[in-house]
Structures are given as structure tokens and as C-alpha cells.
Amino acid sequence: MKVLDYSKGAMPLYMQISLDLREKIESGVYEYGQNIPTELELQEYYDVSRITVRQAIGALEQEGLVIRTRGKGTVVSKREKIEELLTRIKSFTEEMRDRKIVPGTKTASVEKIGADEPLADIFSCRVGDPLYHVERVRTGDGRAIVLFDSYISGQNELPLESGCYYGSLYSLMEEHGIGLPVGIEERFEATVADERIADALGIDVGAPVMKRVRTAWGRDLQVREYTTSYYNGMAYSYVIYAGTTDRSDK
């Protein structure tokens, strides 16, 4: 039986399972065309509910790593799909370039702080442990798009010069030994701009804003980044594509 991490701040169980299965696929434990274990077998192996197993398999299916078919179970798809994993979790810089928009940065600031109780709970660290607080206004084709308010794990040293944060944050983290996230949880909500957000994005107080909260985990299942983003609702849209191969639940 595989023991999962149930500690505070750890990656959700379905993501832990998805990551474990992904690594087995990448390492060749489950090869192209081969079935992964059944849902019941995975339930017993990870000691979780059927819903959790289905969420994990669904995540793999969205990444193109497996295909669920009636009568055949869940089959590993072509290995080339693994290359798409790096594009699933994107930095703002990558996101803009994919849209043929020139990314930029209007302002950036960084400071090293001690975690308060809410942040200590998120990062599974002690109150007072070091974190990096990075605040940036990113632009697309010269127009202010988003205000990022980020907290980064203090396990590795990061520069305290604001000029280092005008490019991709993920590239900077990787350069300093903080691995790219392998799993994220994102939450969205509609809100309106207060004075701080309005000033940062050059919009009116009360203008529509999309709030996006990202929690990102590393391979050790510990939180690496916690970011609250405020997007100019008139300049940004977020699109999700979804599909299904099983119509039995309709």
C-alpha cells in the first residue's frame, strides 16, 4: 500500500496519486498501450475513496497520458504526450507568448518576511519561518494586465534585488534550485478593484476584476508558491477546454 501525505499544506490526495501514476508512466512501469490498475485496485493500493481515484485518473486523462475506454479500462496513451506536461502549468510569460502577446513588467518588489499563522498553515512551516514576498504588475503589449501578490518558499535563497523579478518568476525559481511546480490548485472569483488594485492596473475603483488564487506544490508535495492574482476584467479572459469519453453519467 502506498502511504500518502495527509499533513496540513500537503498536495490534495488525488494530485498525489496522479503524480505517482505519472512518474510510473514516465519511468516505463506502465508502458504505452498497457492498462494501469483498475479503480478498485488503486483504491486499495492508496487506501482512498473511489471518487479520489477517479479525480486522479481524470487529471491524467486531461494531460493526455491515459485514455479511459469502456470494456478496456484505462490505457496509457502515446509517450509523446508527456512533453505536454511542461505546458500545463505556465508562468505569465509563457501564457502571454502563447497568445502572441509581448509580456512585460511595470513594477516589481521583493522582501524576505517571516510567515504569519495563515501562511505557516499554507506552507506547512512554523510561524516566523522565512518566506519571500514578491509583488509585481505584469503587462501585455505594454498594457497592465495583472497584479501578482506572491509568497515563495524560503527553503532556497532568492535575490532581494527587485530588478531580478521583471521576467518569469518560474524561471528565476528554477535558476536558484527551486524546482518547477508539478501540481497546482487554482480558485477563481469575480470581484471589483479597490484603490490598491485600481492604482496598479490603471483602472477605476469598482471596475471588474478576476481574482485567481494559485497554490503550487513541488515533487516533495510541499507548497512552493502561493499567489493571489488580480486581473483587469476588461483585458483578460481565462478559457478552459474539457471533454469526456464516458457518456454514462449524462
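**A helix and its surroundings**

Author: Helix H2 is followed by Asp47, whose phi is positive, near 55 degrees. Please keep in mind that this is a predicted model.

Reader: Which residues of helix H2 are buried?

Author: H2 spans residues 39-46, and its buried residues are Glu39, Leu42 and Tyr46. Seen down the axis of H2, these residues fall within an arc of 60 degrees, so they line one face of the helix.

Reader: Why would residues spaced like that point the same way?

Author: An α-helix has 3.6 residues a turn, so residues three or four places apart point the same way.

Reader: And which exposed residues are on the face turned away from the buried side of H2?

Author: That face of H2 carries the exposed residues Leu40 and Glu44.

Reader: What covers the buried residues of H2?

Author: The cover includes helix H1 (13-27), helix H3 (50-62) and strand E1 (66-69).

Reader: How do the axes of H2 and H3 cross?

Author: The two axes come within 9 Å and cross at roughly 110 degrees. Angles of 65 to 115 degrees count as roughly perpendicular, and H2 and H3 are therefore roughly perpendicular to each other.

Reader: Which residues meet there?

Author: Glu39, Leu42 and Gln43 in H2 meet Arg50, Val53, Arg54 and Ile57 in H3. The residues of this contact divide into 3 nonpolar, 1 polar and 3 charged.

Reader: Changing topic: where is Phe188 found?

Author: Phe188 lies in strand E6, residues 183-192. With 36% relative accessibility, Phe188 counts as partly exposed.

Reader: What separates the C-alpha atoms of Phe188 and Met210?

Author: They are separated by 7.0 Å, while the two residues are 22 residues apart along the chain.

Conventions: Residues are numbered from 1 along each chain as its sequence is written. This is a predicted model: local features need pLDDT of at least 70, side-chain atom pairs count only at pLDDT 80 or more; totals for chains, interfaces and linings use all residues. Side-chain values use heavy atoms; hydrogens and water are left out. Helices (H or I, at least four residues) and strands (E, at least two) are DSSP runs, numbered from the N terminus. Buried means under 20% relative accessible area, exposed over 50%, partly exposed in between (1.4 Å probe, protein chains only). The arc is that of the directions from the helix axis to the C-beta atoms. Contact means heavy atoms within 4.5 Å. Axes are lines fitted to C-alpha atoms, for helices over the stretch in contact, and angles run from 0 to 180 degrees between N-to-C directions. Angles under 35 degrees count as roughly parallel, over 145 as roughly antiparallel, 65 to 115 as roughly perpendicular and the rest as oblique. Ala, Val, Leu, Ile, Met, Phe, Trp, Tyr, Cys and Pro count as nonpolar, Asp, Glu, Lys and Arg as charged, and the others, Gly among them, as polar.
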